[in-house]
Amino acid sequence: MDAGEPNNVDCFDDLTFWWLFFGMFYQQLKKRQRAIRYNSILTGDDRVTEFLHGHWERIFNRTRMSRDCFIRLSSIMEQTGRLTPSRAVSVEEQLMIFLFVVGHGASNRDAQETWQRSGSTISKYFGIVLEAIFNMSGKYIRPPDMNNVHHTIRYNNRFFPYFQGCVGAIDGTHVSACVGGARADKFRGRKGDTSWNVLAACDFDLKFTYMLSGWEGSAHDARVLQHAISEPQNGFPFPPPGKYYLVDSGYANRGCFLAPYRGTNYHLRDRRRLGGDRKKEQFNYRHASLRNAIERTFGIWKKRFPILRSMHQFPLDKQAMIPVACAVLHNFIRMDPASVAQDHISGDEDEDDDDTSSEDDSVAAVPDGVDVGESSSQVNIPHDMDMGAFRDYVTNCIHEGTSG
């Protein structure tokens, strides 16, 4: 090689050096930008401590439950191994991240700012807690004692003895779904929004006793109920002989489901008008008053967890799990007297649901070809009647009791 010729090896080494230098500089700059982004003096763990030791209303507003209720829930989750602390994130913080998202409809960015965590960390622990709470549904969403008459019925002469065989109420409600593209049409409900049609049963303590989530918003209530009672893996809680659920007239009056008379008004303002079948109106009015438990339950549930009205862009399987997980939390909170008392203070107890699947009990009908009749040999109507005859029998008893 001549002395005047450039050394290609040296040039290559110099180029490699500068590429490595700028690469390392860029990585350090990104780390510095991340460090600057989450620069609050309060870390996520500090915020948990602040809420746990602050005013009771702060933790209630943040988690939608009382301090004692939150501590009890986090202890159960950790002691049963459903949640485990990581090197950087405690069980309490994992649970608070989840409750913040579902209890405020908060976005991932909102959660990042609040908890000073990266977006991937927020997503990771949201998914972990969601699955853990969803898997608790078998323990916390259970049928009531169906052999006893609930005190709401027993000690109210409007309902007892006429509805002494009632074990709860069933209805469907729409929960927001975030779906795009060609699949969106299947999820469009009667209001035009994309939604899930969620079937649920509740008792008269306003706790969920059954929930089936995963049906598109375009599905009719009767079709969802038919699926629930016809597939054993759905675990529908059939009542014992002589017991039944109250349903609206979107369902058939068969099997273990007692529906109101169709085409008959029952609201208080309608009862004052002249004309109509007085006996059927009396039955429908009392039926609606008792069945209102499911509307109130849905209303409290949705007000407590705003994500149910404005779903985020999660995978569809996670979206279908969120209503059930929120129902588990709802029931857990209903077991805590302090949280229920705070619900009264905040007005959450006064909510009725306006997204139930039937617009009007007096006009909703079962579509052709859909049968939600008796699907279990365990279902037996009182006095060996079919449900139509039993409804007429109760209607006559109510009329005789009010006219006597």
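**Getting to know this predicted model**

Me: The side chain of His53 reaches the backbone oxygen of which residue?
Reply: This is a predicted model, and His53 is found in its helix α2, residues 44-53. From there, the side chain of His53 makes a polar contact at 3.0 Å. The backbone oxygen it reaches belongs to Thr49.

Me: Is His53 buried or exposed?
Reply: A residue counts as exposed when its relative accessible area is over 50%. For His53 the value is 66%, so His53 is exposed.

Me: How far apart in space are His53 and Arg67, C-alpha to C-alpha?
Reply: Along the sequence, 14 residues separate His53 and Arg67. In space, their C-alpha atoms are apart by 8.9 Å.

Me: Which helix holds Asp68, and what is the C-alpha separation of Asp68 and Trp56?
Reply: Asp68 is found in residues 67-79, which form helix α4. Asp68 is exposed, with 53% relative accessible area. Trp56 is 12 residues away along the chain, and the C-alpha separation of the pair is 9.7 Å.

Me: Is Gln94 buried or exposed?
Reply: Gln94 lies in helix α5, residues 91-104. Apart from neighbours within four places in sequence, Gln94 is in contact with several residues, including Leu83, Pro85, Tyr125 and Val129. Buried means a relative accessible area under 20%; Gln94 has 1%, so Gln94 is buried.

Me: Which backbone oxygen lies 3.3 Å from a polar atom of the Gln94 side chain?
Reply: Among the contacts of Gln94 are Ser86, Thr84 and Val89. The backbone oxygen at 3.3 Å from the side chain of Gln94 is that of Val89.

Me: What is the bridge partner of Tyr245 in β5?
Reply: Strand β4 (residues 244-246) runs parallel to β5, and 2 bridges join them. On the β5 side, the partner of Tyr245 is Phe257.

Me: With the side chain of which residue does the side chain of Asp171 make a polar contact?
Reply: Asp171 lies in strand β1, residues 166-176. Its relative accessibility is 0%, so Asp171 counts as buried. The polar contact, at 3.5 Å, joins its side chain to that of Arg291.

Me: How many disulfides are there?
Reply: Cys256 is buried at 2% relative accessible area, whereas Cys178 is partly exposed at 29%. A disulfide needs two cysteine sulfur atoms within 2.5 Å. By this rule the number of disulfides is 0.

Me: What share of the 404 residues counts as buried?
Reply: The accessible surface of the protein comes to about 20100 Å². Residues such as Gln94 and Asp171 count as buried. Across the 404 residues of the protein, the buried share is 50%.

Conventions. Residues are numbered from 1 along each chain as its sequence is written. This is a predicted model: local features need pLDDT of at least 70, side-chain atom pairs count only at pLDDT 80 or more; totals for chains, interfaces and linings use all residues. Side-chain values use heavy atoms; hydrogens and water are left out. Helices (H or I, at least four residues) and strands (E, at least two) are DSSP runs, numbered from the N terminus. Buried means under 20% relative accessible area, exposed over 50%, partly exposed in between (1.4 Å probe, protein chains only). A polar contact is a pair of N or O atoms within 3.5 Å; within protein, one must be able to donate a hydrogen and the other to accept it, and residues adjacent in sequence count only if both atoms are side-chain atoms. Two strands pair if DSSP finds at least two bridges between them. Accessible areas come from the Shrake-Rupley method with a 1.4 Å probe; for residues, only the protein chains shown count as cover. Contact means heavy atoms within 4.5 Å.
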